[in-house]
Amino acid sequence: MKILAPSVLSADFSRLAEQIQKVEEAGADWLHLDVMDGNFVPNISFGQPVVRAIRAVTSLPLDVHLMIEDPGRYVDSFADAGAQTLTIHLEACIHLHRNIHQIKGKGLSAGVAINPHTPVEALLPVLGDLDLVCIMSVNPGFGGQSFIPSTMQKLASLAKYRQLQGLAFRIEIDGGVDLHNARALTEAGADVLVAGNSVFGQPDPAAAVRSFKALLG
């Protein structure tokens with residue numbers, strides 16, 4: 001089953017609970033929460049209090065994406081705030097293997113994200129430890145960017161490595177995902193589609209979710 005994970009970064013924060021409840025009722029599978037620190041990426045978004053508040057208004061799994069430096073410092077607090085999947089950036093970790101097992105030690109699914117310039121081969125030493133790999137198809141830090149076409153080849157390469165090694169991690173694609181490229185992305189190997197502006201940026205986010213779900217089957 002393909003998973004649709006609307007990204008709340010694109011939501012109207014003055015009506016956040018209402019919008020979350022509407023996309024949940026429409027069939028969204030996960031919620032994607034982008035945590036930005038203003039250092040690893042040039043923007044600042046939100047932290048543990050917002051994650052905790054979202055946890056209180058939805059039963060959907062929370063896919064928390066830490067775009068922050070030295071993410072190991074915050075694994076415990078984001079686990080306590082209600083994350084189910086915690087994704088950290090390869091580029092932000094000095095001790096990536098240690099951080100992955102720190103996440104798993106809290107009972108969470110462990111994900112690693114890679115930026116558009118990072119080759120998938122950089123993940124080979126840890127693929128067997130992962131529950132999810134997030135391929136960034138835009139440069140992280142801002143919503144509403146256009147999909148980087150070369151990402152499609154990275155997606156296909158990662159799916160091939162997964163097959164050859166007999167692994168079961170999910171492949172997530174994050175950035176510029178919309179109804180025009182969603183099917184091609186899943187055919188290339190994506191299991192989880194993160195959709196920000198193409199859901200919450202639409203006049204009717206619930207209708208956008210239904211359109212994605214109808215397309216993905």
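A nonpolar core is a set of buried Ala, Val, Leu, Ile, Met, Phe, Trp, Tyr and Cys residues joined through side-chain atoms within 4.5 Å. I kept that beside me while I looked through this predicted model.

**Entry 1: the cores**

I started with the largest nonpolar core, which holds 62 residues. I looked up the members that touch the most other members, and they are Val-8, Leu-31, Leu-33, Val-64, Leu-86 and Leu-193. Apart from this core I found another one, of 13 residues, including Ile-3, Met-36, Leu-132 and Val-194.

Next I picked Leu-193 and left aside its neighbours within four places in sequence. Its contacts include Ile-3, Leu-4 and Ala-5, and also Ile-173, Val-177 and Leu-216.

**Entry 2: Ser-7**

Where does Ser-7 lie? I found it in the loop between strand 1 (3-6) and helix 1 (16-26). Is Ser-7 buried or exposed? Its relative accessible area is 4%, and buried means under 20%, so Ser-7 is buried.

Then I checked what surrounds Ser-7. Not counting residues up to four places away in sequence, Ser-7 touches His-32, Asp-34, Val-194, Ala-195, Gly-196 and Phe-200. With Asp-34 there is a polar contact between the two side chains, at 3.1 Å. I also looked up Ile-20, 13 residues from Ser-7 along the chain, and their C-alpha atoms are separated by 10.0 Å.

**Entry 3: Asp-70**

My last stop was Asp-70, in the loop between strand 3 (62-67) and helix 3 (75-81). Most residues other than glycine have a negative phi. Asp-70 has a positive one, near 50°. I noted its relative accessibility as 41%, so Asp-70 counts as partly exposed.

Note on methods
Residues numbered from 1 in each chain as written. Predicted model: local features only at pLDDT ≥ 70, side-chain atom pairs only at ≥ 80, totals over all residues. Heavy atoms only, no water. Buried < 20%, exposed > 50% of the residue type's maximum accessible area, 1.4 Å probe, protein only. Contact = heavy atoms within 4.5 Å. Helix = DSSP H or I, 4+ residues; strand = E, 2+ residues; numbered from the N terminus. Polar contact = N/O pair within 3.5 Å; in protein donor to acceptor, adjacent residues only side chain to side chain.
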